[in-house]
Amino acid sequence: MATTGVPVLFIGGLGRSGSTLIDRVLGQTPGVSSVGELVFLWERGLLSNERCGCGEPFDGCPFWKEVGVRAFGGWDRIDPAAIDARQRRVDRNRYVPAMLAPALAPAYRRRLEPYAEAVGRIYKAVAAVAGAALIVDSSKHASTAALLRHVPGIDARIVQLVRDPHGVAWSWSKTVERPDATDGVSLMARVGPARIAARWQSYNALLALVRSDGGVLRYEDFVDRPEHATRRLLALGGLEPAELPQFTGPRTVVLDTDHTVAGNPLRFRTGELEIRADDEWRRAMPRTRRALVGAMAFPTTLRYRYAP
């Protein structure tokens, strides 16, 4: 595949939009490596030692140990807390304008360059260890998507993943345990419907600025025709495989172990999985909450073909 660097397919969108499912399905394709939400490598992997998708604590995963060796000579050769702090000073949605026009923000660019260089090392090391022709990163953050244009040695394609805001809001309202933690019970964050609807608007507005041409995917379209959508995404990343061995039926895939850094609990699932729409909100979401989300997300809902 002709490319100017390590091919990376980045899935952007608001959390609880189905990115982990899509990431995992793509990652079962020969030559594709799924890393989950790489944006959390420093915080959840190196600092908190949460579980890799293989089930091992991060420091016990052979895959990520080898990545650290190839990238830096070993994780003990860097200060993850310092890199995590540097990330917080450059990878924020408020800095997207500076990423799009770095010449107008020289001070920001000086902060960005060393962090982008470290991220580039990670991607190149993952490609080498996995023997991957394509890396799938489901970090989702709009700012991280914009930042990738400054990461040396990669060729990034940005997909904007959109889900009906009612389904997103309903998912954020539920209590879900995170099996990632190695030191006690941890729960996924919960956020109210009004705040999520506002965030849905802002995330999609930012991603519309930075996504690649043709890089819009609705969650509902993926679950309706998963194999078709998978081929389309792989083609965006530069791959056109003759077969997709993970599909054993129109809506059935077999998931093997992936070395994902973060994501929803589905990242630990292995074996056969039936892909179907998560539309519990249609039955369980109170009418007042549905009306609130619909009003706050309008008119962006029309742009992505959702009923207000």
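Residues are numbered from 1 along each chain as its sequence is written. Because the model is predicted, local features need pLDDT of at least 70 and side-chain atom pairs count only at pLDDT 80 or more, while totals for chains, interfaces and linings use all residues; side-chain values use heavy atoms, with hydrogens and water left out.

**Stop 1: the largest pocket**

Select Gly 15, Arg 16, Lys 140, Met 188 and Asn 264. These lie nearest the centre of the largest pocket, which 48 residues line. (A pocket is an open set of points on a 1 Å grid over the protein atoms alone, with protein on both sides within 12 Å along at least five of seven lines; lining residues have an atom within 4 Å of a point.) The space is about 1,400 Å³, a volume being what probe spheres set on the points fill, with points joined across faces, edges and corners.

Now colour the elements that each give at least two lining residues, among them α1 (19-27), β3 (134-140), α9 (193-210) and β10 (271-274). (Helices are DSSP runs of H or I, at least four residues; strands are runs of E, at least two; both are numbered from the N terminus.) The lining has 17 nonpolar, 14 polar and 17 charged residues. (Ala, Val, Leu, Ile, Met, Phe, Trp, Tyr, Cys and Pro count as nonpolar, Asp, Glu, Lys and Arg as charged, the others, Gly among them, as polar.)

**Stop 2: the second largest pocket**

Go to strand β2 (residues 32-34). With three residues, β2 gives the most to this lining. The pocket holds about 170 Å³. Its 14 lining residues include Gly 27 and Asp 258, both among the closest to the centre.

**Stop 3: the largest cavity**

Select Leu 38, Val 39, Tyr 115, Val 119 and Thr 144. Of the 15 residues lining the largest cavity, these are the closest to its centre. (In a cavity a 1.4 Å probe fits but cannot get out.) Its volume is about 130 Å³. Helix α6 (106-130) gives the most to the lining, four residues. Ten lining residues are nonpolar, three polar and two charged.

**Stop 4: α8 against α9**

Show both helices. They pack at about 135°, axes 9 Å apart.

Notes
Axes fitted to C-alpha atoms, helices over the stretch in contact; angles between N-to-C directions.
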